[in-house]
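Please look through the structure below with this briefing beside it.

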Amino acid sequence: MALEAAASVQEFFTDVGLYLFGADVNPEEFVNRFFDSLFPLVYNHLINPAVTDSSLEYSECIRMARRDISPFGNIPQRVMGQMGRSLLPSRTFLQALNLGIEVINTTDHLLFSRECGRALLRMQYCPHCQGLTLSKPCMGYCLNVVRGCLAHMAELNPHWHAYIRSLEELSDAMHGTYDIEHVLLNFHLLVNDAVMQAHLDGQKLSEQVNKICGHPIRTPTESPRCSFDGSKEKLRMKISTRNGEETLANRRKEFINSLRLHGSFYGGLADQLCVNDLAAADGLPCWNGEDIVKRYFMGSGL
């Protein structure tokens, strides 16, 4: 039965992926499609297994009858509820990540004003005219110039900080049945319960199917009756749980923690540039815009 169900399982997970990446697919519809396709397999293998394959028309009739006779009890509704709660937060999280990428890409290349360009030129290259090719601007002078040039970038800082905080709040809310990874890792258990439910109600379901679809014309087979022990199957499948370190939830937490370190990135960009690269270290002679000095006194600004 697992081999025959493989295509339906693959379609189900493909639909989940499409929804997460923003495609116009309805979770209720693809959950229903999965259980619709599962019912003919369960019927042929567990409920009425003493005969060979039924015709395609008869299998299609069984598939169409699934929503009327509810062979899986309330399991499809439970799956729909879990999907509804967990898919939207995950899709929103991915959309938020894409928004962050757009912000970073947009600010990757900056256009400076002419005044800023002249101030940077004077800070970086004017000492070369005096043969001072190894000199660096004083820290205060560098901060004065670069902060002025990046003033429009600093305006992004409160919005960037709020974006990271919102991303963190969304990630924190994605747990249990609101976490698609948790839901999908436990999905096989719900499918197992659904199959068990149909197996236990086999006699009643067989009568309902015969009433709706009639009796199939099929050839007897010598295969033994299929047995299904749900408790053993569930025990076997529970072994497949993942190590906690491998979960997407932990990776998401690590990502948020690293992102939090850059919560003031745009506001502190000028300071980072001057401290890490552009300006002379404290205590060293430096260029103040006119000459080499031992100490810089802040001027009137850019």
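In this predicted model, the second largest pocket is lined by 16 residues, of which G100, I104, W160, L259 and Y266 lie nearest its centre. A pocket here is an open set of points on a 1 Å grid over the protein atoms alone, where a 1.4 Å probe fits, with protein on both sides within 12 Å along at least five of seven lines, and lining residues have an atom within 4 Å of a point. Residues are numbered from 1 along each chain as its sequence is written, and side-chain values use heavy atoms, with hydrogens and water left out. Because the model is predicted, local features need pLDDT of at least 70 and side-chain atom pairs count only at pLDDT 80 or more, whereas totals for chains, interfaces and linings use all residues.

- Two or more lining residues come from each of helix 4 (75–106), helix 8 (157–173) and helix 13 (248–260), where a helix is a DSSP run of H or I with at least four residues, numbered from the N terminus.
- Helix 4 gives the most to this lining of the second largest pocket, with 4 residues.
- The lining of the second largest pocket divides into 12 nonpolar, 3 polar and 1 charged residues.

**Salt bridges**

- The whole structure holds 8 salt bridges, each defined as a side-chain nitrogen of Lys or Arg within 4 Å of a carboxyl oxygen of Asp or Glu.
- R67 and D36 meet through their side chains in a salt bridge (2.7 Å, N to O).
- R67 lies in helix 3 (residues 56–69) and D36 in helix 2 (residues 27–47), so this pair ties together parts that are 31 residues apart in sequence.
- D36 counts as buried at 2% relative accessibility, while R67 is partly exposed at 46%; buried means under 20% relative accessible area, exposed over 50%, and partly exposed in between (1.4 Å probe, protein chains only).
- A further salt bridge joins the side chains of R260 and E168 (2.6 Å, N to O).
- R260 belongs to helix 13 and E168 to helix 8, so the pair ties together parts that are 92 residues apart in sequence.

**Confidence**

- The protein chain averages a pLDDT of 84, and 86% of the residues score at least 70, pLDDT being the predictor's confidence in each residue, from 0 to 100.
- Over residues 222–226 the pLDDT is below 50, and over residues 232–240 it stays under 50.
- Where pLDDT is low, the predicted coordinates should not be read in detail.

Key:
Ala, Val, Leu, Ile, Met, Phe, Trp, Tyr, Cys and Pro count as nonpolar, Asp, Glu, Lys and Arg as charged, and the others, Gly among them, as polar. Contact means heavy atoms within 4.5 Å.
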